[in-house]
Amino acid sequence: MTNVEGARLFRESWIVGVRKHFPGEPKAGYVTEWDATPEWERQAAGAVYEQVRQFLEVSDGHAGRLSREQKGRFVAIAWTAQMYKHFGDPKPGYVADWAALPEWQRETDADIFEAIEDAVG
């Protein structure tokens with residue numbers, strides 16, 4: 001899978017997760033399709049995809065044995081690093097610690113890890 005395909009997988013998994021876990025109607029920006037996604041966000045999605053892919057690879061797939069929470073935390077931390085990369089002074093909500101994230105976002109992050117895990121199997 002190319003990095004662009006991985007980035008798209010990340011974004012599509014995010015949208016599916018938001019639609020599944022978000023209470024009520026999500027903000028339009030949460031479910032923006034790939035073609036309308038800003039370039040910085042595409043780059044961030046590709047970087048996080050690649051980090052998860054490499055994590056699975058260097059563990060010979062054993063990272064798949066992590067709990068759902070651990071998988072979600074990995075995605076959340078990798079995403080937070082991208083927020084610092086793309087925004088000099090990101091909004092606090094963009095870089096919130098795991099415990100401060102809403103449940104829907106934690107579940108969506110775990111879904112993303114598992115979608116990448118399935119794709120690179």
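**View 1. Glutamate 12 sits in helix H1.** In this predicted model, helix H1 covers residues 3-21, and glutamate 12 is part of that stretch. Is this residue buried, exposed or partly exposed? With a relative accessible area of 39%, glutamate 12 is partly exposed. Histidine 62 is 50 residues away from glutamate 12 in sequence, and their C-alpha atoms are 24 Å apart in space.

**View 2. Arginine 8 and glutamate 12 form a salt bridge.** Side chains of opposite charge can pair when their charged atoms come close. Here the closest N and O atoms are 3.9 Å apart.

**View 3. Arginine 11 reaches glutamate 41 through a salt bridge.** In this pair, the closest N and O atoms are 2.9 Å apart. Arginine 11 is in helix H1 and glutamate 41 is in helix H2 (residues 39-58), so the pair ties together parts that are 30 residues apart in sequence. Arginine 11 is buried, with a relative accessible area of 4%, and glutamate 41 counts as buried at 15%.

**View 4. Glutamate 114 meets arginine 68 in a salt bridge.** The N to O distance is 2.8 Å. Glutamate 114 lies in helix H4 (residues 103-120) and arginine 68 in helix H3 (residues 68-86), so this pair links parts 46 residues apart in sequence. Across the whole structure, a search finds 11 salt bridges.

Notes: Residues are numbered from 1 along each chain as its sequence is written. This is a predicted model: local features need pLDDT of at least 70, side-chain atom pairs count only at pLDDT 80 or more; totals for chains, interfaces and linings use all residues. Side-chain values use heavy atoms; hydrogens and water are left out. Helices (H or I, at least four residues) and strands (E, at least two) are DSSP runs, numbered from the N terminus. Buried means under 20% relative accessible area, exposed over 50%, partly exposed in between (1.4 Å probe, protein chains only). A salt bridge is a side-chain nitrogen of Lys or Arg within 4 Å of a carboxyl oxygen of Asp or Glu.
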